[in-house]
Amino acid sequence: MKITATSTVKMKTPDTITKRFCKDDKVGQFLAEEWGKIFRKYVPMDTGTLSQSYTTKPFEVSYNQIYSHYQWNDISKNGNPLNYNKEKHPLAQSHWEKAAERDYADIIADSVSEFIRRM
């Protein structure tokens, strides 16, 4: 996890078997885009800005909002724990990539395997 001075949260996509064996940028970009779509379900949501404002690079999903690192770390600017509203995103939580990997790793592995077959 890398947090830059511009408050960009960069999360490497969950480490799947496919990623370990295939370092191709096309595969990495496909993988990042697939994870980005799935992460939306787990990203805390009020207006939707954070969950919809990610960018991808091969094997990387970045959230570029000023407050993204606070949401990811589950801590406010004042150092207090956050209380996620689950009304819009019932699965909302900090470190959303870990929950997404737990729930979707097999599905993503199948998806990227199919992508590689089509290449």
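This is a predicted model: local features need pLDDT of at least 70, side-chain atom pairs count only at pLDDT 80 or more; totals for chains, interfaces and linings use all residues.
Q: How is the crossing of α2 and α5 described?

A: Axes are lines fitted to C-alpha atoms, for helices over the stretch in contact, with angles from 0 to 180 degrees between N-to-C directions. Here the axes of helix α2 (residues 25-39) and helix α5 (residues 96-118) come within 9 Å and cross at roughly 140°. Angles under 35 degrees count as roughly parallel, over 145 as roughly antiparallel, 65 to 115 as roughly perpendicular and the rest as oblique; α2 and α5 are therefore oblique to each other.

Q: Which residues in α2 meet α5?

A: Contact means heavy atoms within 4.5 Å. Among those in α2 are Phe30, Leu31 and Trp35, and the α5 side includes Tyr104, Ile108 and Phe115.

Q: Which residues lie nearest the centre of the largest pocket?

A: A pocket is an open set of points on a 1 Å grid over the protein atoms alone, where a 1.4 Å probe fits, with protein on both sides within 12 Å along at least five of seven lines; lining residues have an atom within 4 Å of a point. Pro44, Met45, Asp46, Gln71 and Tyr84 lie nearest the centre, among 14 lining residues.

Residues are numbered from 1 along each chain. Local features need pLDDT of at least 70, side-chain atom pairs count only at pLDDT 80 or more, totals for chains, interfaces and linings use all residues, and side-chain values use heavy atoms, without hydrogens and water.

Conventions:
Helices (H or I, at least four residues) and strands (E, at least two) are DSSP runs, numbered from the N terminus.
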